[in-house]
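Here is a short report on side-chain packing in one protein. It covers aromatic rings, nonpolar cores and a helix crossing.

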Amino acid sequence: MQIKEELKKRILVIDGAMGTMIQRHKLNEADYRGERFKDWHCDVKGNNDLLCITQPEIIIGIHKEYLNAGADIIETNTFSSTVIAMADYDMQSLAYELNVAAASCAREAIRQFTEENPGTPPKFVAGAIGPLNKTLSLSPDVNNPGFRAVSFDEVASAYYEQITGLVDGGVDVILIETIFDTLNAKGAIYAVKKYFRDQQKPELPVMISGTITDASGRTLSGQTLEAFYTSVMHANPLSIGLNCALGAAEMRSHIEELSQIAACYTSAYPNAGLPNAMGEYDEQPHETAHFIEEWAEQGFVNIVGGCCGTTPDHIKHIADNVRKIQPRPLPVLEATL
């Protein structure tokens, strides 16, 4: 519950992109495989989550860069660490181990950072749960709109295993992020509730972050922001917010709307602008920070950071710009109709 106390005092900063930082290392197939998977029967380059096992020092190093930049919350490198997503590499059996390893990397980074910087405010590990590469609301077959590539029970089971690994690895918060299909998110919420009920443990705080995919202001599965919020509020989340898909300039109106309807804390971690023709992000750290500083001054946000294309430089500028701004106060809800 320590994170709740910190949110009352200040705006917290979440880290930036993991993939962007991994790309800087220019790893090859052998690097991804390491010694343990050197004879794996299919290519694994691009399986960034696997690096928590084969190259943990790289992942710990990236976490530390974000901590040194001023991040209060670091996300585990587990965006695809489920049996469903790992099927792309035929590594379904590693799902649990990947989550434990990723949480351990993040914990180790915080341990090292705290040792090197005694007296700093507390840092938190968010167990990152991605949206999956199969959806419950949309058919992958245009000729068969009723077809689904996965069932709700399969999604919930995959998330349950992921949550088990994250908790065993020592995360402080569960982060269900980049939601473009709310039914998948409901599977994750169901798995969280079931896990803590089964284990008879106090629930960890849950952060929920959706993604508005274009100028329509809707998720990919067609929900408005308010409908998305209403659909997941039964989870009683610590925070609700938006990340990915849009840059800060395009996300602003949606964050403003969310801040007005959310009964919990709000979060926002946009991309570094929109991608250019080469799929790369050109928005400079001071530009991203300027947008987010304005949101903070307007009282829209409690947790801020970056998504695709953002780096420790972006996070440092964001952290510096919001440090002295008061967090968005929680609204006082009327108890009557």
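Tyr160, Tyr195 and Phe196 form a cluster linked by ring pairs. The model is predicted. Across the whole structure, a search turns up four aromatic pairs. Two of them are set out below.

| Aromatic pair | Centre to centre | Angle between planes | Geometry |
|---|---|---|---|
| Tyr160 and Tyr195 | 5.8 Å | 70° | edge-to-face |
| Tyr195 and Phe196 | 5.0 Å | 80° | edge-to-face |

Why do these pairs count as edge-to-face? The angle between the planes must be over 60 degrees for that class, so 70° qualifies for Tyr160 and Tyr195. The 80° of Tyr195 and Phe196 qualifies because it too is over 60 degrees.

The pair of Tyr160 and Tyr195 links distant parts of the chain. Tyr160 sits in helix H8 (residues 152-169), and Tyr195 sits in helix H9 (residues 182-199). The two are 35 residues apart.

Is Tyr195 buried or exposed? Tyr195 is buried, with a relative accessible area of 1%. Phe196 has 3% relative accessibility and also counts as buried. The cut-off for buried is under 20%.

**Nonpolar cores**

In soluble globular proteins, nonpolar side chains tend to be buried together. Here, the largest nonpolar core has 89 residues. Which residues have the most contacts inside it? They are Ile163, Ile174, Ile176, Ile208, Ile240 and Trp295. Helix H7 (residues 95-116) gives the most to this core, with nine residues.

Ile176 shows the packing in detail. Leaving out residues up to four places away in sequence, Ile176 touches Ile129, Ala185, Ala188, Ile189, Val206, Met207, Ile208 and Ser209. A second core is separate and has 16 residues, including Leu12, Leu175, Met207 and Cys307.

**Helices H12 and H13**

Helix H12 spans residues 285-297, and helix H13 spans residues 312-322. Their axes come within 8 Å and cross at roughly 35°. The crossing is right-handed.

Which residues make the contact? From H12 come Pro285, His286, Thr288, Ala289, His290, Ile292, Glu293 and Ala296. From H13 come Asp313, His314, His317, Ile318, Asn321 and Val322. By class, the contact of H12 with H13 has six nonpolar residues, six polar residues and two charged residues.

Note on methods:
Residues are numbered from 1 along each chain as its sequence is written. Side-chain values use heavy atoms; hydrogens and water are left out. Axes are lines fitted to C-alpha atoms, for helices over the stretch in contact, and angles run from 0 to 180 degrees between N-to-C directions. Helices (H or I, at least four residues) and strands (E, at least two) are DSSP runs, numbered from the N terminus. A crossing is left-handed if the near helix is turned anticlockwise from the far one by less than a right angle, and right-handed if clockwise. Contact means heavy atoms within 4.5 Å. Ala, Val, Leu, Ile, Met, Phe, Trp, Tyr, Cys and Pro count as nonpolar, Asp, Glu, Lys and Arg as charged, and the others, Gly among them, as polar. A nonpolar core is a set of buried Ala, Val, Leu, Ile, Met, Phe, Trp, Tyr and Cys residues joined through side-chain atoms within 4.5 Å. Buried means under 20% relative accessible area, exposed over 50%, partly exposed in between (1.4 Å probe, protein chains only). Rings of Phe, Tyr and Trp (its six-membered ring) pair if their centres lie within 6.5 Å; planes under 30 degrees apart count as stacked, over 60 as edge-to-face and the rest as tilted.
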